[in-house]
Amino acid sequence: MAQGELQLSFPKILTMFADYAFTVEERFLRYVKIDTQSDPNSTAQPSTEKQKELSKLLVMELKQLGIQDAELDEWGYVYATIPSNTKKDVPAICFCAHVDTSSDSSGTNVKPIVHRKYDGKDIVLPDDNSVVITTSEHPYLKKKIGEDIITASGTTLLGADDKAGVAVIMDMVNFFSKHPQAKHGAIKVLFTPDEEIGRGVDKVNLERLGAKFGYTLDAGERGAYEDETFSADGMTVTFYGVSAHPGYAKNKLVNAIKVAAAFVEQLPKNSFSPETTDGREGFVHPVQISGVAEKATVQFIIRDFDTRKLEEYESFIKEKMEETVSLYRGSRGEVQVKMQYRNMKEVLDHYPEVSENARRAIDRAGVAVVNMSARGGTDGSRLSFMGLPTPNLFTGEMAFHGKQEYVSVQDMQKSVETIVHLAMIWEEKS
Ligand SMILES: [Zn+2]
C-alpha cells in the first residue's frame, strides 16, 4: 500500500478528538426523556409499542446524518449502514445497543440532572430526598470527581442502561459524517428492543444486518471490556405425591409439597448460591416453587462460566432429588434441563482479532482496559452463538435498573472515541 496518503499518522490520531464537538451528552439527555420500558408480561413484539418512539427518532436522526438506508422494521429493530470509505476489503462490523429500559423501576417522566464538575459528595436526588447516591455504596463515583455526572431526579431510573450506548453509537455516526478522511469499512448500526426481558435478539435478522463481527455498547465503568458471560441452563424438578381425601388419608397420602420442601432444605446454604458467590464462582438458584399435594415443582437457574460445570451442578440436584424421594415412600421425582445461553468466550476464542482490536481501541482512546466477566447474559452472548461474535464495551452506565443510576459525560465521550478508533483499526489491519 502507498505510504498512507489518506491515512492519519499516529500523532494525528491522538489529537483526532481535540476539536471535536461531542454530541453524546445532548443526545443522551433527549433520549432518556422518552419512556421505553419493556414489559415481561406482554407477548407482543416489541413488548411495548412505546419503544418504537425512540427508534423512530433514531431513524430520523440517522437519515439527517446522511445514513440513507436507516430503517425501523415491524419487530422494532433499527438497521443502518455507514458505507465503507476505503478501497480495502474490511469485514463489516456492527455496533449494537438496546433502546428499552428495565421494568424494575419506573421510566416515565425521567428528568435527567447534570451535576457539572462533580464535587465528590453524596448526591441527594431532589424529587425524593430519601434517594441518595452515596460514595460508600458507589465507590466508582470517587474516580469521577471533576467530571460531569448525570443522574435521574429520584422517582425514576435514569435509563443510561442502555441509552448511554445508543447515544454513544449515534455520536460515532456523527463523528464519521464530519470526518470523511477517517477511513473505515462498512459499519452497521443495530438498535434492539426488549433486551431487558431477554428477548433482545428474538427477531433480529442477521442476514439483513450483514455484519461479520459485532460489539454491544452496554458495559459499565470506563475501559470495561467483557468477552465472557455465564453459561446458563434452566432446570425444573417435579415431585409427584399420592393424593387422598385428608379425612381418610392415613397411610395413603404422600404430600408433594412436603417432599419439595424437604428437597429445598437439602440445598447448600453457604455455597453454590447467588447470595454466597461472586467473581468466577457459579451457582444453582431456585427461582420458583409451586404445587399441590399431588404434584409440586421447583424451578432453578444454573450458572457458571465453565459450561462443563453446569452438568455437575445438574447431577448434584438430581442426586438430592433422588435422596429426597427415597425418604417418602410412594413419591417420585423427575428433572428437566433446558439450555438457556452459553459463555460467549467459547465463540470469541476462535476470533482473537475481535478482542485484540477492541483492546487496542480502548488503549488508543487513552483508557486502561478493565477486563470483566458478566455474571449474566448479554444480547452478545446469544448473537455470538447465532454467528455474530459480539463482546461488550463500556459506556459509563453505572448502578443500572434503579433510581441511583448514573453516568459520567466524560466516560460516554471516551466510549465514542473508543468505537471510532475501533472501526479505524479494523480498516488499518485489513
Ligand atoms: Zn443493558
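Thr134 is placed in the loop between strand S6 (132–133) and strand S7 (149–151); helices (H or I, at least four residues) and strands (E, at least two) are DSSP runs numbered from the N terminus. The model is a predicted one, in which local features need pLDDT of at least 70 and side-chain atom pairs count only at pLDDT 80 or more, whereas totals for chains, interfaces and linings use all residues. Residues are numbered from 1 along each chain as its sequence is written, and side-chain values use heavy atoms, with hydrogens and water left out.

With a relative accessible area of 11%, Thr134 is buried (buried means under 20% relative accessible area, exposed over 50%, partly exposed in between; 1.4 Å probe, protein chains only). Apart from residues up to four places away in sequence, Thr134 touches Asp122 and Leu141, contact being heavy atoms within 4.5 Å. A polar atom of the Thr134 side chain lies 3.1 Å from the backbone nitrogen of Glu137.

The zinc ion has as protein donors His98 (NE2), Asp161 (OD), Asp218 (OD) and Asp218 (OD), at 2.0 to 2.5 Å. Donors are N, O and S atoms within 2.8 Å of the metal (3.2 Å for Na, K and Ca); water is not among the atoms, so sites may look incomplete. The arrangement is irregular because the 4 donor atoms subtend angles of 55 to 142 degrees. Four donors count as tetrahedral if all angles lie between 85 and 135 degrees; four count as square planar and six as octahedral if opposite donors are over 155 degrees apart and all others between 65 and 115, and anything else is irregular. Along the chain the donors follow the spacing H-x62-D-x56-D. Asp161 lies in helix H4 (residues 160–178) and Asp218 in strand S9 (residues 213–219), so this pair ties together parts that are 57 residues apart in sequence. Both Asp161 and Asp218 are buried. The peptide bond from Asp161 to Asp162 is cis, with omega near 10 degrees, and Asp162 is also placed in helix H4.

Helix H4 also holds Asn174, which counts as buried at 5% relative accessibility. The side chain of Asn174 makes a polar contact with that of Lys178 at 3.1 Å. A polar contact is a pair of N or O atoms within 3.5 Å; within protein, one must be able to donate a hydrogen and the other to accept it, and residues adjacent in sequence count only if both atoms are side-chain atoms. Beyond four places in sequence, Asn174 touches Tyr20, Ala21, Thr23, Arg27 and Leu65.

The largest nonpolar core has 70 residues, and those with the most contacts inside it are Phe28, Phe95, Met172, Phe176 and Phe191. Such a core is a set of buried Ala, Val, Leu, Ile, Met, Phe, Trp, Tyr and Cys residues joined through side-chain atoms within 4.5 Å. H4 gives the most to this core, with 11 residues. A second, separate core of 19 residues includes Phe239, Val259, Leu267 and Val325. Leaving aside neighbours within four places in sequence, the contacts of Phe176 are Ile82, Ala182, His184, Ile187, Val420, Ala423 and Met424. In strand S8 (residues 187–192), Val189 counts as buried at 1% relative accessibility.

Within helix H10 (residues 379–386), Asp379, Gly380, Ser381, Leu383 and Ser384 are buried. Their cover includes S8, S9 and helix H5 (206–209). At the start of H10, a side-chain oxygen of Thr378 reaches to within 3.1 Å of the backbone nitrogen of Gly380. Gly387, with a positive phi near 115 degrees, follows H10.

The whole structure contains 0 disulfides, a disulfide being a pair of cysteine sulfur atoms within 2.5 Å. The sulfur of Cys94 is 5.5 Å from the closest cysteine sulfur, in Cys96, which is too far for a bond. Cys94 is buried at 1% relative accessibility, and Cys96 is buried at 2%.

The peptide bond from Gln45 to Pro46 is cis, with omega near -5 degrees. Lys117, not a glycine, has a positive phi of about 40 degrees and counts as exposed at 65% relative accessibility. Phe272, also not a glycine, has a positive phi of about 70 degrees and is partly exposed, with a relative accessible area of 24%.
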